[in-house]
Amino acid sequence: MNKKIILFLLAILVVGGSAGIIVFRDNSEKTTTAVHAVLAQVTPEELVNSSDGVIVGIVQESRVDKVASTIRLGKKDIVTTNIISIEKYISNPHNLSAKEITVQVIGGTIGDETMEAEEAPKLKKGDRVLIFLKQVEGN
């Protein structure tokens, strides 16, 4: 498969690092969008202290959708939305009481279009996960 870079879309600063998005096409008109980021190194203690909570849970459902991009103005990104049932809170400084959370990560495939983020977790139904929670404004 002869892939050709057709467009470099974006390079931005993200959490002390940088990110870029590259779109690839092959002759069969399949599209792959690769998302790359350089992440800041943090210690486990810093991760726990900056979290709104830490949970252990089980992925109950995963679905792939196309949504308005938060990093590419006027574009849509493919995301995987995971519903996770909470088994227990490891850390809960805000006295959270949710029994279930929704975790959305960039990446997935819809038809012939794929968006991949190397650094994003790839969760599937039945996975037991450790999640560091951070409330997103408006959610």
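Where does Pro 93 lie? Pro 93 sits in the loop between β5 and β6. Before going further, a word on what you're looking at: this is a predicted model, where local features need pLDDT of at least 70, side-chain atom pairs count only at pLDDT 80 or more, and totals for chains, interfaces and linings use all residues. Residues are numbered from 1 along each chain as its sequence is written, and side-chain values use heavy atoms, with hydrogens and water left out.

**The overall layout**

The chain has 1 helix and 9 strands. Helices (H or I, at least four residues) and strands (E, at least two) are DSSP runs, numbered from the N terminus. Follow the sequence along and you get the pattern β-β-β-α-β-β-β-β-β-β.

A contact here means heavy atoms within 4.5 Å. Look at contacts between residues at least 6 apart in sequence, and 54% of them join residues at least 24 apart.

Of the 139 residues, 35% are buried. Buried means under 20% relative accessible area, exposed means over 50%, and partly exposed is in between (1.4 Å probe, protein chains only).

**Back to the loop**

With 52% relative accessibility, Pro 93 counts as exposed. Setting aside residues up to four places away in sequence, Pro 93 touches Ser 51, Asp 52 and Gly 53. Pro 93 and Asn 49 are 44 residues apart along the chain, yet their C-alpha atoms are separated by 9.4 Å.

Now step into strand β5, where you'll find Glu 87. Glu 87 is partly exposed, at 43% relative accessible area. Leaving out neighbours within four places in sequence, Glu 87 is in contact with Val 56, Gly 57, Ile 58 and Arg 128. Its C-alpha is 9.0 Å from that of Glu 100, which is 13 residues away in sequence.

**Inside: the nonpolar core**

Which residues have the most contacts inside the largest nonpolar core? They are Ile 55, Ile 84, Ile 101, Val 129 and Ile 131, in a core of 13 residues. Two or more residues each come from β4 (53–68), β5 (76–91), β6 (100–106) and β9 (128–133). As for the term, a nonpolar core is a set of buried Ala, Val, Leu, Ile, Met, Phe, Trp, Tyr and Cys residues joined through side-chain atoms within 4.5 Å.

**Outside: a nonpolar patch**

Some nonpolar residues are on the surface too. Val 42, Leu 47, Val 48, Ile 90, Leu 130 and Phe 132 form a patch there, with about 470 Å² of accessible area together. Patches are made of residues with over 30% relative accessible area and no salt bridge, with like charges joined within 9 Å and nonpolar side chains (Val, Leu, Ile, Met, Phe, Trp, Tyr) within 5 Å. At least two residues of the patch come from each of α1 (44–49) and β9, while Ile 90 is found in strand β5.

The chain as a whole exposes about 9400 Å², and carbon and sulfur atoms supply 54% of that. These areas come from the Shrake-Rupley method with a 1.4 Å probe; for residues, only the protein chains shown count as cover.

**Charged pairs**

Side chains of opposite charge can pair when their charged atoms come close. How many salt bridges does a search of the whole structure find? It finds 6, where a salt bridge is a side-chain nitrogen of Lys or Arg within 4 Å of a carboxyl oxygen of Asp or Glu. Here are some of them:

| Salt bridge | N to O distance |
|---|---|
| Asp 65 and Arg 63 | 3.4 Å |
| Glu 113 and Lys 66 | 2.6 Å |
| Lys 124 and Asp 127 | 3.2 Å |

Glu 113 lies in strand β8 (residues 113–117) and Lys 66 in strand β4, so this pair ties together parts that are 47 residues apart in sequence. Glu 113 is partly exposed at 27% relative accessibility, and Lys 66 is partly exposed at 39%.

In the pair of Lys 124 and Asp 127, Lys 124 is exposed, at 55% relative accessibility, whereas Asp 127 is buried, at 18%. Elsewhere, salt bridges that share partners join Glu 61, Arg 63 and Asp 65 into one network. Within that trio, Asp 65 is partly exposed with a relative accessible area of 27%, and Arg 63 is partly exposed with 37%.
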